[in-house]
Amino acid sequence: GVGPSNTTLVVRYRRNSNTAANAVPGTVTNISNADIRFNDPSALNATSRQQVVTSLEVNNSEAFTGYASNPSLTQLKEMIAGYFASQSRAVTEQDYKSLIYAMPPQFGAAKRCSIYRDSDSFRRNLNLYVISEDNAGNLVATNNTVKENLKTWIGSNKMINDTIDILDAKVVNIQISFDAISAVGTDKYQVQVNAIERLKRLFDTKLDIGQPFDISRVYNTLNKTRGIVDVTNVRVINKFGGQYSSIGYNIRENTTPDGRYVDVPKNVILEIKFPDSDIKGTIT
């Protein structure tokens with residue numbers, strides 16, 4: 001509606017904890033409690049007052065992506081070393097990444113970032129690719145508010161000649177399927193469960209933007225699983241559409257000739273979105 005003139009509206013709200021900050025569009029719709037007060041209720045029609053109270057609605061048209069889960073110990077060590085070396089100024093790629101990860105949490109956060117010089121630009125233009133995560137820990141596009149905060153945050157620390165475009169990284173969802181041979185006398189079902197759990201732990205930490213998928217790590221992890229004597233095949237399959245990303249990617253054409261890696265462009269990040277169903281294997 002149209003607010004009356006010469007009127008001060010006071011809106012009090014509670015802020016959520018940072019661990020519950022992320023929400024997909026259209027999910028923040030419930031009002032747990034609304035305290036609406038009228039200056040002179042007796043002068044107003046009771047039915048009209050009730051209509052005003054019950055007309056209150058909330059909805060989030062954009063995703064909330066202001067929180068990123070804690071990094072692993074290995075990532076934390078790398079981030080600390082990079083930030084210490086950067087000395088609060090951004091010159092190299094690592095300087096920029098350290099600065100971005102160090103942005104105060106009240107301004108939001110990017111789960112992963114990567115920065116490259118734009119080869120098509122005549123100036124020192126840099127392309128910064130970012131990605132965030134939703135409340136389930138899955139990768140989603142970073143919202144515009146966080147991007148604006150990032151631009152402001154790094155603006156005072158970047159080189160004066162640097163211009164930066166903040167862009168969304170493209171998410172490519174994948175599935176891992178393997179075939180392995182178990183030792184004689186072992187419980188094949190239990191071997192399968194153990195193998196899948198080991199792979200889940202291996203990929204519990206999200207990959208970086210532009211990071212190739214290391215197929216040899218999958219072979220190595222499976223071969224170290226108790227009860228497996230040989231891994232005969234590992235397949236990486238692109239999953240897209242529906243609950244997955246809409247981006248299709250030709251895994252076969254982008255696998256190295258020796259079959260050890262799946263290469264990805266600088267602006268792409270690979271993700272196993274549903275480990276419970278997207279990591280599967282057959283034990284014979």
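Modeller: In this predicted model, helices are DSSP runs of at least four residues and strands are DSSP runs of at least two. On that basis the chain has seven helices and 10 strands.

Biologist: Why are the rings of Phe-203 and Phe-213 called stacked?

Modeller: A search of the whole structure finds two aromatic pairs. In the pair formed by Phe-203 and Phe-213, the ring centres lie 5.2 Å apart and the planes meet at 20 degrees. Centres within 6.5 Å make a pair, and planes under 30 degrees apart count as stacked; the pair is therefore stacked.

Biologist: What makes this pair a tie between parts of the chain?

Modeller: Phe-203 belongs to the loop between H5 and E6, whereas Phe-213 belongs to strand E6, so the pair ties together parts that are 10 residues apart in sequence.

Biologist: Why do Phe-203 and Phe-213 count as buried?

Modeller: Buried means under 20% relative accessible area. Phe-203 has 15% relative accessibility and therefore counts as buried; Phe-213, at 1%, counts as buried too.

Biologist: Why is the pair of Tyr-244 and Phe-274 called edge-to-face?

Modeller: The ring centres of Tyr-244 and Phe-274 are 5.4 Å apart and their planes stand at 75 degrees. Planes over 60 degrees apart count as edge-to-face, so this pair is edge-to-face. The pair links distant parts of the chain, 30 residues apart: Tyr-244 in the loop between E7 and E8, and Phe-274 in the loop between E9 and helix H7.

Biologist: How do you know whether Tyr-244 and Phe-274 are buried or partly exposed?

Modeller: The limit for buried is under 20%, and partly exposed lies between that and over 50%. Tyr-244 has a relative accessible area of 18% and is therefore buried, whereas Phe-274, with 24%, is partly exposed.

Biologist: How do you know where the buried residues of helix H6 lie around its axis?

Modeller: In H6 (residues 215–223), Ile-215, Val-218, Thr-221 and Leu-222 are buried. Seen down the helix axis, they fall within an arc of 120 degrees, so they line one face of H6. Among the elements they pack against are strand E5 and helix H5.

Technical notes:
Residues numbered from 1 in each chain as written. Predicted model: local features only at pLDDT ≥ 70, side-chain atom pairs only at ≥ 80, totals over all residues. Heavy atoms only, no water. Buried < 20%, exposed > 50% of the residue type's maximum accessible area, 1.4 Å probe, protein only. Arc of directions from axis to C-beta. Contact = heavy atoms within 4.5 Å. Phe/Tyr/Trp six-rings, centres within 6.5 Å; stacked < 30°, edge-to-face > 60°.
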